[in-house]
Amino acid sequence: MIKNNQRHFNRLHVLIDAIVVAAAYMFAWWLKFSSGILDHELGVLPFEFYMGALVVIVPVYILLYYAFNLYTPKRVQGRRLELSNIVMANTVGLMLLFAGLFTVVSFDEQYQNFSREMFFYFYIANIVTEEAVRLLIRRFLRTIRKNGYNLKHILLVGYSRAAEQYIDRIRQNPQWGYNIRGILDDNIARGTSYRGVKVIGSIGNLEYILPQNSLDEIAITLGLEEYFKLEKIVADCEKSGVHTKFIPDYGNIIPTKPYTEDLLGLPVINIRSVPLTNMFNKMVKRCMDIVGSVLCIVIFSPVMLLTAVLVKATSKGPLIFRQERVGMHNKPFWMYKFRTMQVQTKTEEQKGWTKRDDPRVTSVGKVLRKISLDEFPQLFNVLKGDMSLVGPRPERPQYVEKFREEIPRYMIKHQVRPGMTGWAQVNGYRGDTSIRKRIEHDLYYIENWTLGLDIKILFLTVFKGFINKNAY
C-alpha cells in the first residue's frame with residue numbers, strides 16, 4: 001500500500017514540478033519583457049515563440065530532477081540536501097539551455113534574438129519556487145503523519161544498540177511517519193519495552209507475521225553475537241516481498257557513508273571513507289590553500305604588522321612562538337603563532353593548557369587570543385604545506401599520545417592535513433571543550449569533505465569563528 005501511495009505521490013509531485021517550471025519560466029518572461037520593472041520593451045520574438053520552448057524545457061527539467069534525486073521520499077532526504085540538489089539541477093539546466101540555444105542558433109538565425117538574460121531570471125525564480133513548494137509539501141506531510149496518516153509500519157528483528165538508536169531517531173522525528181509495531185528477539189523477555197516499543201515475540205514468529213502482509217518494512221537490528229541468523233531472516237523476508245533493510249550493530253565502527261568495493265562479486269566495505277585520499281581532491285584542496293593563504297597574507301599584512309609591533313612593545317622575547325604539533329601521517333611540524341605568553345622554559349611550557357586568568361598570558365596576548373589574531377602566522381604553515389586552511393586542529397605530541405589511548409578513532413584525524421580552522425571550531429568546540437565532541441566533528445569533516453564544505457567552514461569562521469569565549 002505504501003509503495004502504491006509513493007508512486008501516486010511521485011506522479012503528483014512530477015505534475016506539480018512541471019507546473020512550477022512552466023510558471024517560473026513565464027514569470028521570467030513577464031519580468032523581462034512585460035513588467036516594466038526592468039525597463040525593457042517587448043522583445044523581437046513573440047510571446048508564442050518563447051512559450052514554445054516549454055515543450056522541451058519542462059521534460060528536460062523533470063529528468064534533471066530525477067537525476068538529482070529530487071523524487072526521493074522526504075523521509076530520507078534532509079531539507080539542506082534537497083535544496084542543494086535543486087540548485088545543482090537548475091545549474092545544470094541553465095547550462096543545457098545555453099548549450100541548446102547555441103546549437104539551435106547555428107541552424108536557425110532567428111533564435112539569435114532569444115533573450116539569454118531571461119534564462120537567468122528563470123534560473124533564480126525556479127530555484128526559489130521549487131524550494132518553497134517543497135517546504136509546503138514537507139509541512140503538509142508532517143501534519144498528516146502526526147495525525148496518524150501516511151505512516152510506514154515497521155517491525156524490528158533483534159534487540160540491540162542499533163535497535164535502540166533506531167527507535168531514538170524515530171521518536172525524535174515523528175514527521176518521518178514511521179510506526180514501529182514491535183521487536184522480535186530470542187534473548188529478551190516478551191513485554192520488555194524501550195521508549196514505548198515492546199518485544200512482541202521471538203524471531204521464529206517472523207514466519208507467521210510475514211504472510212499477514214501488514215508490514216511495509218522489516219528492519220534487521222540483530223546484535224553482533226546473532227549475525228549467524230542473518231541469512232535465514234533475509235531469505236524469509238525476501239520470500240514475503242516485504243522491503244528489508246539492515247541496521248548494523250557496529251555503527252560505532254563503520255561510518256555513515258562507507259566506501260564499498262566490488263571485488264569480482266565479493267562486496268568489500270572499507271572501514272573509513274576519506275575523500276582527500278583521492279589525488280584530484282588533494283590537488284584541488286592544495287590549490288585553494290596556496291591561493292587562499294597568499295591572498296590572506298597580502299590582505300591581512302597591515303593587521304599582522306600592527307600585531308607584531310604590539311607584541312614586541314609590550315613584552316620581552318621573540319615575536320613568533322613556535323610549538324611542535326602532530327600533523328598529517330603523524331609527522332611532527334613546527335606551528336607558528338604570535339607570542340602571547342611570557343617566555344617559558346620547555347618544561348614550563350609542557351605543564352598543560354592555558355587556564356582562565358593564567359598569569360603567563362600577557363595583556364596584549366589576552367586580546368590576541370580572544371579574537372584569534374595570534375593564529376595568523378599559521379598562514380605561512382599553510383603555504384609551506386604543513387597545514388591547510390581548513391582541517392582538524394593539530395595537538396601537541398604529549399596530548400596525541402594521551403588521547404590515542406583514551407578516545408576511540410582519535411588518530412584518524414591525522415589522515416588529512418591539520419587546519420587553521422575546522423568543522424569542530426565553527427560548531428563551538430574550541431579551547432576548553434569536549435575532546436570527544438571535537439573528534440566527532442573532525443571525523444564528520446574527514447568522511448564528508450567537499451570543496452563546498454571547506455568554503456562553508458571558512459565563511460562561518462569569519463562570522464563566528466574568530467571570537468573564542470574559551471580562549472584564555
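Reader: Is Tyr-65 buried or exposed?
Author: In this predicted model, Tyr-65 is buried, because its relative accessible area is 1%, and the limit for buried is under 20%.

Reader: And Tyr-61, buried or exposed?
Author: Tyr-61 is buried as well, with a relative accessible area of 2%.

Reader: Where do Tyr-61 and Tyr-65 lie?
Author: Both are in helix 3, which covers residues 54-67. They are four residues apart, about one turn of the helix.

Reader: Why would that spacing matter for direction?
Author: An α-helix has 3.6 residues a turn, so residues three or four places apart point the same way.

Reader: Which residues do ring pairs link into a cluster with Tyr-65?
Author: The cluster consists of Tyr-25, Tyr-61, Tyr-65 and Phe-122, linked by ring pairs.

Reader: Which charged residue sits over the ring of Tyr-65?
Author: That is Arg-134, whose charged end is 5.8 Å from the centre of the Tyr-65 ring. Another arginine, Arg-322, lies over the face of Trp-334, at 4.1 Å from the ring centre.

Reader: How many aromatic pairs are there by the rule used?
Author: The count comes to 16 aromatic pairs. One of them joins Phe-27 and Trp-30, with ring centres 5.8 Å apart and planes at 35°.

Reader: Why is the pair of Phe-27 and Trp-30 called tilted?
Author: The planes of Phe-27 and Trp-30 are at 35°, and the pair is therefore neither stacked, which needs under 30 degrees, nor edge-to-face, which needs over 60.

Reader: How far apart are Phe-27 and Trp-30 in helix 1?
Author: They are three residues apart in helix 1 (residues 2-34), or about one helical turn. Phe-27 is partly exposed at 40% relative accessibility, and Trp-30 is partly exposed at 38%.

Reader: What is the geometry of the pair formed by Tyr-61 and Tyr-65?
Author: The Tyr-61 and Tyr-65 pair is edge-to-face, with 6.3 Å from centre to centre and 90° between the planes.

Reader: Let us change topic. Which residues of helix 14 are buried?
Author: In helix 14 (residues 397-406), the buried residues are Tyr-399, Val-400 and Phe-403. They cover an arc of only 100° around the axis, so they are on the same side of helix 14.

Reader: What covers the buried residues of helix 14?
Author: The covering elements include strand 9 (320-326) and helix 16 (435-447).

Reader: How do the axes of helix 9 and helix 10 cross?
Author: The axes of helix 9 (residues 279-299) and helix 10 (residues 301-314) come within 4 Å and cross at roughly 60°. Helix 9 is therefore oblique to helix 10.

Reader: Which residues make the contact?
Author: Helix 9 contributes Cys-296, Ile-297, Val-298 and Ile-299, while helix 10 contributes Ser-301, Pro-302 and Met-304.

Reader: Now the backbone. What is the phi of His-329?
Author: His-329 has a positive phi of about 60°, although it is not a glycine. His-329 is in the loop between strand 9 and strand 10 (332-338) and counts as exposed, at 53% relative accessibility.

Reader: And what is the phi of Asn-330?
Author: Asn-330, also not a glycine, has a positive phi of about 65°. Asn-330 lies in the loop between strand 9 and strand 10 and is partly exposed, at 41% relative accessibility.

Notes: Residues numbered from 1 in each chain as written. Predicted model: local features only at pLDDT ≥ 70, side-chain atom pairs only at ≥ 80, totals over all residues. Heavy atoms only, no water. Phe/Tyr/Trp six-rings, centres within 6.5 Å; stacked < 30°, edge-to-face > 60°. Helix = DSSP H or I, 4+ residues; strand = E, 2+ residues; numbered from the N terminus. Buried < 20%, exposed > 50% of the residue type's maximum accessible area, 1.4 Å probe, protein only. Lys NZ or Arg CZ within 6 Å of the ring centre and 35° of its normal. Arc of directions from axis to C-beta. Contact = heavy atoms within 4.5 Å. Axes fitted to C-alpha atoms, helices over the stretch in contact; angles between N-to-C directions. Parallel < 35°, antiparallel > 145°, perpendicular 65-115°, else oblique.
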